[in-house]
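Please read this report alongside the model. It moves from the fold to the core, then to charges and surface.

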Amino acid sequence: MPRKRASQGQIGGDHYRNLAIQPAHYCHLNGIGFMEGCVIKYVTRWKSKGGVEDLRKARHFLDLLIEMEEGK
């Protein structure tokens with residue numbers, strides 16, 4: 001039996017299914033790092049999944065990235 005491709009499914013909801021491009025694909029194709037990818041992920045899904053809590057998560061990762069960049 002052929003194995004289903006990971007990009008063809010989603011675990012834990014359907015909040016990315018109606019998007020033109022999945023955040024993971026967008027980040028991969030554009031060479032976007034982990035911290036920036038988390039911001040993209042949470043901002044993309046906030047209306048359909050986590051609400052304002054996802055915006056707080058995005059802000060948290062953005063604040064971490066700013067701290068790390070300022071600390072260089």
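The report below covers confidence, fold, core, salt bridges and surface.

**Model and confidence**

This is a predicted model, in which local features need pLDDT of at least 70 and side-chain atom pairs count only at pLDDT 80 or more, while totals for chains, interfaces and linings use all residues. Residues are numbered from 1 along each chain as its sequence is written, and side-chain values use heavy atoms, with hydrogens and water left out.

The mean pLDDT of the chain (the predictor's confidence in each residue, from 0 to 100) is 88. A score of at least 70 is reached by 82% of the residues. Confidence is lowest in helix H1 (residues 23-29), with a mean of 95. It is highest in H3, at 97. Where pLDDT is low, predicted coordinates should not be read in detail.

**Fold**

The chain has three helices and zero strands. These are DSSP runs numbered from the N terminus, with helices being H or I of at least four residues and strands being E of at least two. The pattern along the sequence is α-α-α.

Of the 72 residues, 21% count as buried. Buried means under 20% relative accessible area, exposed means over 50%, and partly exposed lies in between (1.4 Å probe, protein chains only). Contacts are heavy atoms within 4.5 Å. Among contacts in the chain with a separation of 6 or more, 30% come from residues 24 or more positions apart.

**Nonpolar core**

Which residues make up the largest nonpolar core? There are seven: Met35, Cys38, Val39, Tyr42, Ala58, Phe61 and Leu65. Helix H2 (34-45) and helix H3 (52-70) are the elements that each give two or more residues to this core. H2 gives the most, with four residues. A nonpolar core here is a set of buried Ala, Val, Leu, Ile, Met, Phe, Trp, Tyr and Cys residues joined through side-chain atoms within 4.5 Å. In soluble globular proteins, nonpolar side chains tend to be buried together.

Phe61 touches Phe34, Met35, Cys38, Val39 and Tyr42, leaving aside residues up to four places away in sequence. Phe34 lies in helix H2. Phe34 counts as exposed, at 61% relative accessibility. Phe34 and Phe61 are 27 residues apart along the chain, and their C-alpha atoms are separated by 9.4 Å.

**Salt bridges**

How many salt bridges does the structure hold? The count is four. A salt bridge is a side-chain nitrogen of Lys or Arg within 4 Å of a carboxyl oxygen of Asp or Glu. Side chains of opposite charge can pair when their charged atoms come close.

| Pair | N to O distance |
|---|---|
| Arg45 and Asp54 | 2.8 Å |
| Arg56 and Glu53 | 3.8 Å |
| Lys57 and Asp54 | 3.9 Å |

Salt bridges that share partners join Arg45, Asp54 and Lys57 into one network. Is Asp54 buried or exposed? Asp54 is buried, at 2% relative accessibility. Arg45 is also buried, with a relative accessible area of 9%. Lys57 is partly exposed, at 31% relative accessibility. Lys57 and Asp54 both sit in helix H3, three residues apart, about one turn of the helix.

Not counting residues up to four places away in sequence, Asp54 touches Tyr42, Arg45, Trp46 and Lys49. Tyr42 is also one of the core residues.

Arg56 and Glu53 are three residues apart in helix H3, so about one helical turn separates them. Arg56 is partly exposed, with a relative accessible area of 44%. Glu53 is partly exposed too, at 42% relative accessibility.

**Surface**

The chain exposes about 5,800 Å², and carbon and sulfur atoms supply 55% of it. Accessible areas come from the Shrake-Rupley method with a 1.4 Å probe; for residues, only the protein chains shown count as cover.

Ile21, Tyr26 and Leu29 make a nonpolar surface patch of about 310 Å². Patches are made of residues with over 30% relative accessible area and no salt bridge; like charges are joined within 9 Å, nonpolar side chains (Val, Leu, Ile, Met, Phe, Trp, Tyr) within 5 Å. Tyr26 lies in helix H1. Tyr26 is partly exposed, with a relative accessible area of 37%.
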